[in-house]
Amino acid sequence: MQGEPEVAVLRLGHRPGRDERMTTHVGLTARALGADRAILGGDASKSQGTVEDITDRFGGPFEVELTESPKAVIRNWDGRIVHLTMYGERVQDVEDEIRESHAEAGNPILAVVGSQKVSFDVYEAADWNVGVTNQPHSEVAGLAVFLDRLFEGRELDREWEDADQTVVPKATGKKVVPADEE
Ligand SMILES: C[S@@+](CC[C@H](N)C(=O)[O-])C[C@H]1O[C@@H](n2cnc3c(N)ncnc32)[C@H](O)[C@@H]1O
């Protein structure tokens, strides 16, 4: 989030066709819940396009990049790496330490999520392997809970810049207005 050390999300192992929707949702969740950037491994150009389109319409700042070498992104990351995995330490046990490293010590965070099996070198490269429960579920759910814990809910109040449209919260029904009419 603006004014805070960077948080980027790296999506590993995208399989074109099969993973399109999940990769898009990783990007959308990263954007909506306070990350600054998503880096999508493999040929995820469709997902990149969808997330960019949403950013154009509903605001940013948020960047989406593709990489052919997620391993190089991990190797060259100048900050801390949090790998989300059902096998990791419990998020509630390590969140203070991660937050301190990010908010107080000023380290950028790369949050890494997988799709199919994640190779062991990612576990070794991570500063923290973090489980959101030690139950199998989803990269989208794991990422959402992790970001909310990292930002302690501040991401829910963030302001969006350069939006074309804004959703007006309503108890019932749908209301979307041009951003300059808000
Ligand atoms: C469908 S899972 C596949 C995991 C795979 N079995 C493995 O060995 O890594 C896809 C991704 O969801 C995320 N994930 C699934 N369960 C999780 C949990 N309990 N906590 C955190 N992340 C989780 C991880 O990032 C994982 O790579």
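How many salt bridges does a search of the whole structure find? The search finds 12 salt bridges, a salt bridge being a side-chain nitrogen of Lys or Arg within 4 Å of a carboxyl oxygen of Asp or Glu. The model is predicted, so that local features need pLDDT of at least 70 and side-chain atom pairs count only at pLDDT 80 or more, while totals for chains, interfaces and linings use all residues. Residues are numbered from 1 along each chain as its sequence is written, and side-chain values use heavy atoms, with hydrogens and water left out.

**View 1. Salt bridge between Glu139 and Arg11.** Glu139 lies in helix α6 and Arg11 in strand β1 (residues 7–11), 128 residues apart; helices (H or I, at least four residues) and strands (E, at least two) are DSSP runs, numbered from the N terminus. Both Glu139 and Arg11 are buried (under 20% relative accessible area, with exposed over 50% and partly exposed in between; 1.4 Å probe, protein chains only).

**View 2. Salt bridges of Arg99 with Glu95 and Glu152.** The closest N and O atoms of Arg99 and Glu95 are 3.0 Å apart. These two residues stand four apart in helix α4 (residues 91–104), and are therefore separated by about one helical turn. Arg99 is buried at 14% relative accessible area, as is Glu95 at 13%.

**View 3. The network around Glu152.** Glu152, in the loop between α6 and β7, is 53 residues from Arg99. With a relative accessibility of 54%, Glu152 counts as exposed. Salt bridges that share partners join Glu95, Asp96, Arg99, Arg149 and Glu152 into one network.
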